[in-house]
Amino acid sequence: MQHKYAALLCIPLILLLGCGRGKTVVTLAGSTAFQPFAEKLAEQYMSEHPNASITVQGGGSAVGIQSAISGAAQIGMADLVILPDEARALTPTVVARDGIAVVVNPSNAVSGLTTDQVRDIFNGKVRNWKDLGGADRPITVVSREAGSGTRSSFEQIVTGISLTRDALIQDSNGTIRETVANDANAVGYLSHGLLNAKIKALTVDGEACSNETIASGSYRLVRPIYLLVNGPLQGEIKAFIEYVLSDNGQQTIKANGLMPAR
Amino acid sequence: MTLIGEKGVRRILLATALSAISALLLIALFIIKEGLPFIFHYGLWNFLSSSDWEPQAGKFGIFPMVAASLWVTFGAMVVGAPLGVAGALFLSEFAPRPVMRVIKPMIELLAAIPSVVYGFIGVMVLAPLIRDYLGGPGLSVLAASIILGIMILPTVISISIDSIMAVPQSYREGSLALGATVWQTIHMVTIRAARSGILASIILGMGRAIGETMAVIMVAGNAVKIPHSALESVRSLTANIALEMSYATGLHRQALFATGVILFVVIIILNSAAMVAIRGKAARK
Amino acid sequence: MRIHPRYVQYGAVAILSGGTLLTLAVLVFIVVFVLEKGLPVLSLDFLLSSPQDMGRAGGIFPTLIGTIALPLLAILIATPLGIGTSIYLTEYTRENRVTRVIRFGTDCLAGIPSIIFGLFGFIFFVTILGMGWSILSGGLTLAFMILPTIIRTSEEAIKAVPKSYRDVSFSLGATRWQTVKRVILPNALPGILTGVMLGIGRSIGETAAVIFTAGSSLRLPTSIFDSTRTMAVHFYILAREGISNENAYGTAAALIIAVLLVNLTAYWLMHWFIAKRS
Amino acid sequence: MTAKFDIRDLSVSFHGKPVIRHISLQVAANGILGIIGPASSGKTTFLRVLNRMNELEQGSSVTGQVLMDGNDIYRSEVDAVALRKSVGMVFALPVPLPMSIHDNVVYGPTLAGISDRGRLTELTEKSLKAAFLWEEVKDRLNTSGLRLSGGQQQRLCLARVLAMEPGVILLDEPCSGLDPISTAKIEDALTELKRQYTIVLVTNNTKQAARISDETAFFLMGELIEMGPTNQMFTAPRQKRTNDYITGRFG
């Protein structure tokens, strides 16, 4: 109790003096697709290096790039197929690759699509599941927001997509998953690492989305994940990135559903 | 206070009184600084009137979002304002005092439930109901209006009760003594006397509705289009910013800040209109 | 034909009570829905242990600290400013251009969406002032956000103090400040407290502005320069990303109970204060 | 008798609308001046001029001179707050502040910086006795002032003024809401008090003025119609309008 009061009294003092920032911490920010992996990796890294302090923030790839440039974070996380011009000043390291799965509700009878069918669905040309061999129900298209790394990767690989105006928009892989899991008519796409029993991944051109097909290159929807650092790699930052690329780190990435970079 | 003196107190209070306006100016400055260059670059009319929002293709039209924000806010007012004012009147004028004393703080409590909880219940309970019984994707104008309408209830009820209770008892007694029924007294005397407080509560509620972000993202579905029915999915201005800010860079990011500028202007216009309404009514009294 | 006033009244009462019941039913439903799913998860252990696996397992202790620290800081900053403003507006000045500008500014600030506060806080506190994602950035942003609520409710409360009290106080040789301190503030206190409570409520429940300014780190903050995650943000992330609905409901239930306790305490304090005075 | 107040050519207006026009009169020390007149004849405004309470209203302006003990209280260097400490006021409706009886009485003295408990206790007793209230409340000084009856409340208000030990007491229709017994108690108190204080009593009850005031002034439409010793005013008024008012033809 005494301590709490003391701490309360200190607040204005700290405000006045503007001091009190403790040891330097390494902050990662950016891609929501990689955030869970980064948190796990940070946890493991800190248990091996008790003096290190690593914080992980989400925010999305753009926030990752911007925070790395401005210094708000030491490491930016981005999952874009093509990095934007602003990111040119940053040192990129590919730490993982990620498959993008096309998913529907488990109650849906459809189990596979061709790339052309995927394109037609997301363009709003095919509007009913019965045209694809399913029940007579309208298709609810669910997509990511403009600027999302997953969406731009998806659209760049499928090509020719001009998203239908009727598409619901969700702002993370997890929310896509929840929306599809809650709506029997929905179709969406998300990071391969986040597949679970609440949703069903469709085959694309006959290839299932799995570790093997992604590794072998037979599954087409795959994009890289970058860690971005302003300036050369050094100190704690370098050590952490090396840890991510080490066998241990890559094993963690693999065990949780992403494909290792090496 | 003898140390500081009456003049010093006045100066300190003036300084605090300027805090709100300086906060506003600071916020306006930074949002406008980030957003205005885009509006000049893209053209205000293009930005406002175009229905094409395809940031990757360099098309930034926010007309659907402006329409969506207005529709959803209007819907929330239709749901929330009558219920809230009715609740406040019933609790303050008809319910026994002890009952009101228990219920009012409970309702205020509900203002503190995070909007994301309301949003989540909207997704889990309301959207499936709408999808199954009325059709459409469920995540829709209707769902957003109902959830927002519920969210503003505590604000509307609590502040309305306060202003109704502040009406001197003698007004009511004066009216009742002239042979008016309780209801006539309420709608001819009490409501009139408490009008500015009730209006203020509705305006605060409206502010909350138009500015709500997370709950709307969760239940409105965020499709970029002008809705033709209440069952269709829409994206509000706030949702547009929050959804895309995380991945936006360059011109796209500026366009989102410009969306913020527009939101800012819409809110200032709404506020001014509301203030004129209040003042007009007060002047007629 | 004119309907007898008595029947009009019956109709009015029926509509009003129906509306009230509907309102209460909806609000009760929400609370019961959350508590029913959340209470089984909730335990002292859940509150006081650290989360594991991003909150999929373990407790919510760091978010509990975040949920206390952020609103507390916001209230400590916003309450003096808010009460000062309302005193200035009601007692120290007459209606003129300055008060109209201040009032207009306050109303506009009240209408600004939390997402804009979030954007602003991110640019100004986090980036330009270099505070990073921290309790300090978040608290300052929230303070800006709840300031108008406190100003408005305090102003209403102060206006409701009878003019005759002021007359008496002045006639007994009180200065303005003495009148404010000895007569107006004590009488306006319950109303002001309502405003502060609404402010606490709003800052506890805020998500958008907090994510952008205080971040969403799940680690236990050790100073106000550390990033933190509030229970509301934790709930959002758990529920939306489908990490753990169970723990999400547990967090929401904890949040509702926390709010209940805060309100009850304030209510009790207020009554104690009133009882002491009379 | 010397003059406590010397008012010369006083005019008051609110937002340019005149409320008091060119009034000149003198208020004798240690006596009761009764001011009578119909509603909105400027009586209350006149009273509020004497302790500068009118300044608290928006848009008021005062011309002319108000000398108290020979000094103009409207000169800029005169502190209105200090002035009000020596010119106490009792309002038409009893307004106990929402605090205990004791705290009500010592409100003025503590504002003036008196904090010695013994002194405050002594002041409380003395003032309550002077207001003829002590016997009724001496056992419950810590209960809220709001719990007293209307007449008791008004005497509490009087005691509150007396506790400041002012030179002048202004009373604005202090008995308008009270029953005859309460009124009588207040009148008794005032009759006692005039030995020490200068009292200005605004009343719409002409009989009350006749009973207790030494001099009486008749206001009408913001003008002073007539002023003189009470006996003469009520038996042989010089003006017809005064006579009409006193005998109840209008007002």
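Which strands of chain D does helix α1 lie across, and at about what angle does the helix run to β1(D)? Select residues 43-50 of chain D: helix α1 lies across β1, β2 and β4 of chain D and runs at about 120 degrees to β1(D), where axes are lines fitted to C-alpha atoms, for helices over the stretch in contact, and angles run from 0 to 180 degrees between N-to-C directions. Helices (H or I, at least four residues) and strands (E, at least two) are DSSP runs, numbered from the N terminus.

This is a predicted model, in which local features need pLDDT of at least 70 and side-chain atom pairs count only at pLDDT 80 or more. Residues are numbered from 1 along each chain as its sequence is written, and side-chain values use heavy atoms, without hydrogens and water.

Next, display the open sheet of four strands in chain D, whose order is β2-β1-β4-β5 with antiparallel pairing (two strands pair if DSSP finds at least two bridges between them). Because β2 (17-28) and β5 (71-72) of chain D each have a single partner strand, one side of each is left without a neighbour in the sheet. Strands β1 (residues 3-14) and β4 (residues 60-68) of chain D pair over eight bridges; select D:S13 to find its bridge partner in β4(D), D:S61.

Then move to D:D172, in strand β7 (residues 168-172) of chain D. D:D172 is buried, with a relative accessible area of 8% (buried means under 20%, with a 1.4 Å probe and protein chains only). Beyond its neighbours within four places in sequence, D:D172 has contacts (heavy atoms within 4.5 Å) that include D:T44, D:L47 and D:V202.

How values were computed: Chains lettered and ligands numbered in written order. Buried < 20%, exposed > 50% of the residue type's maximum accessible area, 1.4 Å probe, protein only.
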